Amino acid sequence: MLIKNLQNLKVNKKMPEITLSKRYNSLIVTFNRPNKKNAINLYMRDVLWEALELINLDKEINGLVFISSVDNCFSSGADINDFGTSGSIIASKKARIERDVWKALNYIDVPVLSVVDGIAYGAGAEIALASDWIFSTLRSQFALPEPKIGYMPAAGGTQLIIKKMPSSDAYKIAFLGESLSALRLNDFGLIAKLIEKDNILNEVDEWCSMLLNFDVNNLRTLKNMYMQLHR
Amino acid sequence: MTEKKFINLIYYDKYAVVRYKLHDDKFSKLFLIELNDVCNEIKKNNRCSAVIFLSALQNSGIGWDENILNHYEQPSFTPDVSFDSIMAIKIPTIFIMKGKSFSSGFEIALACDIRIGSSDLLACLPESSEGKIPIGGAIERLPMCINQTAALQILLFSIKINAQDAYKFGLVSEVFEPDEVYKKTILFVKKIISNAPLALRLIKESSKNGIGLNLVSGLKAEHDRTLILQDTDDFVEGISSFVNKKSPKFKGK
């Protein structure tokens with residue numbers, strides 16, 4: 001059923017900036033936009049929405065993994081070219097209400113893993129922080145650079161940093177707009193595992209395989225209960 | 001510049017520095033009244049985008065004046081020892097923790113957003129070891145600043161933590177040598193104030209409010225604040241500068 005559902009998704013094969021695939025029963029979302037450092041455009045965000053909808057529909061899916069095919073880059077954040085394209089503040093608000101990708105991601109009821117190698121800026125950092133686990137290489141850097149362009153994190157950044165990090169570093173990353181290293185996040189227990197770049201695919205394989213040891217309905221129930229209490 | 005008995009407030013280009021000088025490194029009633037006045041003055045200054053607090057002496061502070069300790073439990077006690085006036089400042093607040101930062105000297109730092117440590121820092125809440133309770137907001141604020149395990153060790157067992165530990169726990173975000181800490185903090189703050197001032201205020205507001213909200217409410221409130229910024233000149237300036245690879249010139253509107 002999972003494969004059939006993936007084939008029905010409107011993923012444009014000519015523009016594979018974001019691809020969906022399957023590993024065991026986990027859905028793998030791969031960012032693949034090397035010439036734009038995996039900047040997340042509206043199309044990618046729409047596919048992400050579809051992926052989250054798929055997880056809600058297909059109860060056999062037991063995990064969600066975010067990964068990048070671009071060397072030294074998880075994501076540079078939201079595509080600047082899409083900023084201000086909604087036409088009006090009301091249109092922007094309406095779009096957010098009707099299709100709140102960030103709320104959906106933070107409340108998805110399967111385990112979520114982000115595998116970060118390289119830069120995770122803006123929405124890239126927010127996707128990682130929204131995940132239940134982050135596996136990271138040592139060279140990774142996490143930043144919320146929005147105040148440098150007169151803006152602020154819009155995908156949950158201001159909420160996730162203050163809930164997940166010691167406050168001084170949370171405000172540091174938010175006010176400065178500069179990056180924190182994977183090592184620093186590791187100090188706070190935010191990195192579940194420091195991994196080697198050459199071993200990324202094995203790590204993903206192992207994690208997805210590990211999920212098979214658990215009853216998927218029970219996993220989803222547990223995560224739902226956890227989210228109700230703690231999110 | 002505002003010069004009072006215990007506090008010296010100087011405004012620079014877009015930031016302010018609050019230096020306090022206390023007799024015996026102890027926080028008195030009069031000092032707290034002055035601190036409250038200074039914070040209220042800073043709140044009214046719209047051209048200021050960040051404020052630094054530090055002691056003018058070697059230590060951040062080692063405790064409370066006898067007057068405060070003797071009168072604390074009386075119902076008519078004033079002024080407020082909770083440093084709420086610092087918490088109410090809407091721009092980024094940075095505290096330099098240095099030397100002995102005990103009791104009040106520790107608690108005033110917790111009221112600020114970012115803490116920078118001097119390598120000679122020794123921080124402690126000695127109250128528990130003296131059969132007392134911290135009165136400057138540590139019980140409420142410390143667990144919000146660092147992880148609960150470390151917070152409880154500090155609160156319940158009065159452990160002393162040095163600069164290295166403070167950095168590891170996330171109590172401070174940077175550690176510098178004593179003779180460099182002020183200069184390096186200024187450089188740090190100049191980086192902050194180079195960013196859009198309205199964005200800084202809304203980021204602080206969004207994060208602070210998020211502490212008490214569940215995530216879904218916080219996400220919604222955060223998005224509403226981004227809509228405010230989308231309607232500003234600074235947002236247009238920021239995007240345009242990014243696209244054209246120039247340094248933005250933010251005006252705070």
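1. Strand β3 of chain B, residues 15-20, is mostly covered in this predicted model, since five of its six residues are buried. Here a residue counts as buried if 20 or more other C-beta atoms lie within 10 Å of its own, as exposed if 12 or fewer do, and as partly exposed in between, with the C-beta atoms placed from the backbone. Strands, like helices, are DSSP runs numbered from the N terminus, a strand being E over at least two residues and a helix H or I over at least four.

2. Before going further, please note how the model is to be read: it is predicted, local features need pLDDT of at least 70, side-chain atom pairs count only at pLDDT 80 or more, and totals for chains, interfaces and linings use all residues. Residues are numbered from 1 along each chain as its sequence is written, while chains are lettered from A and ligands numbered from 1 in the order in which they are written.

3. The neighbours of β3(B) can be followed on both sides of the pairing pattern, where two strands are said to pair if DSSP finds at least two bridges between them. Strand β2 of chain B, residues 7-11, pairs with β3(B) in the antiparallel sense over five bridges, and B:I10 has B:V17 as its bridge partner in β3(B). Three residues lie between the strands of this hairpin, in which B:K14 takes a positive phi near 75°. With β5(B), by contrast, β3(B) runs parallel, and six bridges join the two; B:A16, for example, has B:V51 as its bridge partner in β5(B).

4. Which residues does B:F53 touch, leaving aside those up to four places away in sequence? This residue lies in strand β5 of chain B, residues 50-55, and it touches B:V18, B:T93, B:F95 and B:C112, where a contact requires that the C-beta atoms of two residues, placed from the backbone, lie within 7 Å. B:F53 is classed as buried because 27 other C-beta atoms lie within 10 Å.

5. Elsewhere in chain B, three strands form an open sheet in the order β8-β10-β11, with mixed pairing. Its edge strands are β8 (100-102) and β11 (161-162), each of which pairs on one side only. Strands β8(B) and β10(B), the latter covering residues 122-124, run parallel and are joined by three bridges, and B:S101 stands opposite B:A123 in β10(B).

6. The loop between β10 and α5 of chain B holds B:I133, which is exposed because it has 12 other C-beta atoms within 10 Å. B:I133 and B:L155 are 22 residues apart along the chain, and their C-alpha atoms are separated by 8.8 Å.

7. On which side of helix α2(A) do its buried residues lie? They are A:M44, A:V47, A:L48, A:A51, A:L52 and A:I55, and they cover an arc of only 140° around the axis, which puts them on the same side of α2(A); the arc is that of the directions from the helix axis to the C-beta atoms. An α-helix has 3.6 residues a turn, so residues three or four places apart point the same way. What covers the buried residues of α2(A) includes β1 (18-23), β2 (26-31), β3 (63-68) and α4 of chain A.

8. Helix α5 of chain B, residues 138-145, has B:A138, B:R141, B:L142 and B:C145 buried, and these fall within an arc of 100° seen down the axis, so they line one face of the helix. They pack against α7 of chain A together with α4 (104-110) and α6 (148-157) of chain B.

9. Turning to the contact between the chains, 39 residues come from chain A and 48 residues from chain B. On the side of chain A that touches chain B, α3 (89-98), α4 (101-106), α6 (157-164) and α7 (167-176) of chain A each supply at least two residues, and α7(A) gives the most, with nine residues.

10. As for confidence, the model scores ipTM 0.94 and pTM 0.92. The pLDDT, which is the predictor's confidence in each residue from 0 to 100, has a mean of 91 in chain A, where 92% of the residues reach 70 or more, while chain B averages 92, with 96% of the residues scoring at least 70. Over residues 1-12 of chain A, however, pLDDT stays under 50. Where pLDDT is low, the predicted coordinates should not be read in detail.
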